Amino acid sequence: MSWTGKILRVNLTDGSITEEPLNMEWAQQYLGQRGLGTKYLVEEIDPKVDPLSPDNKLIFATGPLTGTGASTSARYSVITKSPLTGCVACSNSGGYFGPELKYAGYDMIIFEGKAPNPVYLLVEDDNVELVDASDLWGKSVWETDAAIKEKHQEPLLHIATIGHPGEYGALLSAVVNDGHRAAGRSGVGTVMGSKNLKAVAVHGTKGLKVKDPEAFVAAVNAGKKVLAENAVTGEALPTYGTNVLMNIINEIGALPTRNAREVQFEGANEISGEAMHRPRRSDGKPNLVTNQGCFGCTIACGRVSKIDPTHFSVKDKPQYHIASGGVEYENAWSLGADCGVDDLEALTYCNYRCNEHAMDPISVGATVAAAMELYEEGVIDKEETGGIELKFGSAEALCAAVDAMCEGTEFGKKLAMGSKRLCEHYGRPELSMTVKGQEFPAYDPRGIQGMGLTYATSNRGACHLRSYTVASEVLGIPEKTDPLTTDGKAALVKAFQDATAAVDSSGLCIFTTFAWTLEDIAPQIDAACEGEWTAERLLEVGERIWNMERKFNLDAGITPDQDTLPKRLLKDAAKTGPAKGLVNGLDKMLPEYYALRGWTPDGVPTEQTLQRFGLA
Amino acid sequence: MELALVIDPDKCTGCRQCELACSFRHTGAYNPSRSRIVVFDFHTKGRFVPYTCTQCDQAWCQQVCPVEAITNENGIKVVNEAICVGCKVCTIACPFGTVNYDPQSGKVIKCDLCDGEPACAEACPTEAIVFTDIAVQGYEKMREWAERTDTGPQASA
């Protein structure tokens, strides 16, 4: 309680499926999901393993609160060694898949080896089998989802799957469940494809019990009240989604624009959360249909949109005239501001396509942005792009480039390897806006200094979700810090990293932390799970996870000199806005950060630090 | 005054807190597959619809039960588990599909309004499900439409 206490081990090479007890000693040290899944990974694979070889493993892991009545109890993570970064990969998703796995009776599934032919795993409570997926290979997420439900005559299955790009080796491949919720980053879908594993389909009917039902309900209700009364989780997110940030971040001059050449986008308002509510000129209807909650979520930030059926991207394509996942802030930025495109309908189309074919829209947009700069610099031409006039600001070019990736054209396949490999291929590595091979998201570290350290030190390559200091630096949560200075940011980043690692291991959504602190979360875990769980203990678990991930990366050969940022952010000052004249001051933050972490000045955890967390 | 569950799908976000709360109240475990209320996800339309027993006045389930296991308790049609023989005739009779057989107990299950304090309504974060006076359930909707009423001259095309 509220772990199920069981895991599934699926050897794809020989087709064997075994049930094992969950290692409860590790559960007490690593909680679940991100922490516990990563613990299994680092114990079971050689850190130097080729991520796309059968020796890599792929883990679907839930948290102890996944599937319980706690608000936002939808989460699960896909954990593996990333082919995009070479680091540990851990991508988190919502929807309904994670809880369903718990109801089937499992905390985790560990996939090993490689299937000789395409397969999918079917889990219906105790009935677990590998099913031939030859007829699904090449099919999209949406087609696969429908086909599996049809085949088993079971509409209640929840399905996590890859699309065509994950099969052809695109490094930007995600795992998408429930049609449009993604374990998006670091190429976790590519690893799934390399194992000939098309999908995981789950339906469960077993109940989940908690340790102290009365205390749990009280803690959960108290938590829900805090979420409902908070301005961000109770109002801004349900109304405008994460894209409420577009105008705010643009205003403070931290919206990377045209491959981060600039920090403010003149078209920001056109692609904002507010714009999604406005009636379109064409048909008088807004882009947004409704908001949606993932399982158990009382925030409901999810966007469900409908594209204008007369828009050039979907004209004569009725399959896209449906309601589906609309743009979130990150992908509205990557496909929009970063490509200089202010056409909300085009962005929505590209987002549909990323969901339909399980690609990470952050990396997809940021890679197209890099390609646009290569095009404008004359490094690549129309012949190279397969006829696409790849100019910044062109919605047509953006859609064509995303289509090329989905279809796997010659140029599309180059794009789908991510901007690092793309820019290296064309001899301009400095145009790739990546850290450790992963594209950075929607916050410019010149305008939000702490995010520079966040990107540089994230254990999965550039990422906002490892320490979202935007909360403090921009929104004043838990307290306001100045986004333009580096002072105090090392401690801020460390605190966010540790707390986030704990939340990511619980089964809850990190968005709760706009309103909740660990003091709100600990009583929920404590009432549900064996052991005594306090905020202090969760923080310790988080720090243990962070050091475990760091150690894995170092052992994998990811050297600390890669804790850096693209030169553009360190050398080219912001041209406009409040951050005008500023570059990111990473060199002022990094040494202090290493020291606070108990690492050597070279960025390696000391023996003492490792011992403190039982990692030596 | 008769209270009933009033459902407004326009307000539903598909979060399933109602299913969680219902199953927890009735089984002591979080288990949507045993919830008496179900949220249907019409995904491509962007519409979520919670659906459960409406407590028919002349209840088909009650009328067909051969052992009189379903009784009317102040308007609530309640399955008496000690009497129910699991024959499932009520599941056939119910035109709405809201009475269902539960393989785990061998009895039928349906919404019993939680003895007057429905857990689903309590858990719903958006008031898509409310427990309210059935006689005036349309009041808020009437008010919304009333506000839009415009008897002024219509603009000509």
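A polar contact is a pair of N or O atoms within 3.5 Å; within protein, one must be able to donate a hydrogen and the other to accept it, and residues adjacent in sequence count only if both atoms are side-chain atoms. Keep that rule handy for the exercises below.

This is a predicted model, in which local features need pLDDT of at least 70 and side-chain atom pairs count only at pLDDT 80 or more, while totals for chains, interfaces and linings use all residues. Residues are numbered from 1 along each chain as its sequence is written, chains are lettered from A and ligands numbered from 1 in the order in which they are written, and side-chain values use heavy atoms, with hydrogens and water left out.

**Exercise 1.** Describe how chain B meets chain A.

*Solution.* 
- Step 1: Start with contacts (heavy atoms within 4.5 Å): 22 residues of chain B touch 35 residues of chain A.
- Step 2: Look at polar contacts; 10 residue pairs across the interface qualify, both at pLDDT 80 or more.
- Step 3: Helices here are DSSP runs of H or I with at least four residues, and strands are runs of E with at least two, numbered from the N terminus.
- Step 4: Check for salt bridges (a side-chain nitrogen of Lys or Arg within 4 Å of a carboxyl oxygen of Asp or Glu); the count between the two chains is 0.

**Exercise 2.** Work out the surroundings of Trp3(A).

*Solution.* 
- Step 1: Trp3(A) counts as buried because its relative accessibility is 5%; buried means under 20% relative accessible area, exposed over 50%, and partly exposed in between (1.4 Å probe, protein chains only).
- Step 2: Beyond neighbours within four places in sequence, the contacts of Trp3(A) include Leu22(A), Pro64(A) and Trp533(A).
- Step 3: A polar atom of the Trp3(A) side chain lies 2.7 Å from the backbone oxygen of Leu31(A).

**Exercise 3.** Is Thr348(A) buried or exposed, and which side chain joins it in a polar contact?

*Solution.* 
- Step 1: Locate Thr348(A) in helix α11 (residues 344-356) of chain A.
- Step 2: Thr348(A) is buried because its relative accessible area is 0%.
- Step 3: The side chain of Asn287(A) joins that of Thr348(A) in a polar contact of 3.0 Å.
- Step 4: Leaving aside neighbours within four places in sequence, Thr348(A) also has Ser305(A), Ile307(A) and Val327(A) among its contacts.
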